[in-house]
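Subject: A structure for you to look at

Hello,

I am passing a structure on to you, together with some notes on what turned up in it. Please open it and keep it beside you as you read.

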Amino acid sequence: YRSQRSKPMATRILLIEDEPIISSLYRMVLTMSGYEVTPALDAETGEEQIVVMRPHVILLDLLIPKKPNENTHGESFHEPTGFTILRMVKSTPSLAMTRVIILSNLDSDEHIRMAKELGADRYLVKSNLDPHELRQQVEEVLHGNSAGG
């Protein structure tokens, strides 16, 4: 007799995205594909979740508020909050295996270059992204094909 626990553990995805509609859309598509998706609507919650849940993949928006209910959309002169989180993940040895996919509407070469330099596995522009394509990108990153960008 075997318990239900014998099935493989689901891949844990942390979705750090402050747009509730986008967040629930991505979450629905990924959950239907068998992933365990935890949303975080701000950087503070995202950072806590990274430590608590040890996600396999982090889907990271660059422009997210630092704290709940804080509006950051007027702060274009600051470094995007997402880079702070990316830097934190990539500089933490216990998170070395964590994949980070940037999901942003910032599509300047400078942001893309910065994300790559900081160690992002992919950089996807949200406005061009079909949710099913996101699932495919997650699978590619998880299985070691990080050629995309």
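First, some background. This is a predicted model, in which local features need pLDDT of at least 70 and side-chain atom pairs count only at pLDDT 80 or more, while totals for chains, interfaces and linings use all residues. Residues are numbered from 1 along each chain as its sequence is written, and side-chain values use heavy atoms, with hydrogens and water left out.

**The sheet**

Strands (E, at least two residues) and helices (H or I, at least four) are DSSP runs, numbered from the N terminus, and two strands pair if DSSP finds at least two bridges between them.

At one end of the order, β4 (residues 99–104) and β5 pair in the parallel sense over 4 bridges. Ser 104 has Val 125 in β5 as its bridge partner. Contact here means heavy atoms within 4.5 Å. Angles run from 0 to 180 degrees between N-to-C directions, and axes are lines fitted to C-alpha atoms, for helices over the stretch in contact.

**Two helix pairs**

How do α1 and α5 lie relative to each other? Their axes come within 9 Å and cross at roughly 55 degrees, so α1 and α5 are oblique to each other. For the wording: angles under 35 degrees count as roughly parallel, over 145 as roughly antiparallel, 65 to 115 as roughly perpendicular and the rest as oblique. On the α1 side the contact is made by Leu 25, Tyr 26, Val 29 and Leu 30, and on the α5 side by Pro 131, His 132, Leu 134, Arg 135 and Val 138.

The axes of α3 and helix α4 (residues 109–117) come within 10 Å and cross at roughly 15 degrees, which makes α3 roughly parallel to α4. Phe 83, Leu 86 and Arg 87 of α3 meet His 111, Met 114 and Ala 115 of α4 in this contact.

Helix α3 also has buried residues: Thr 81, Gly 82, Phe 83, Ile 85, Leu 86 and Val 89. These buried residues pack against β1, α2 (43–53), β3, β4 and α4. Buried means under 20% relative accessible area, exposed over 50%, and partly exposed in between (1.4 Å probe, protein chains only).

**Two loop residues**

Thr 98 lies in the loop between α3 (81–90) and β4. Is Thr 98 buried or exposed? Its relative accessible area is 5%, so Thr 98 is buried. Leaving aside residues up to four places away in sequence, Thr 98 touches Pro 55, His 56, Ile 58, Val 89, Lys 90 and Asp 121.

Arg 54 sits in the loop between α2 and β3. Although Arg 54 is not a glycine, it has a positive phi of about 45 degrees. With 36% relative accessibility, Arg 54 counts as partly exposed.
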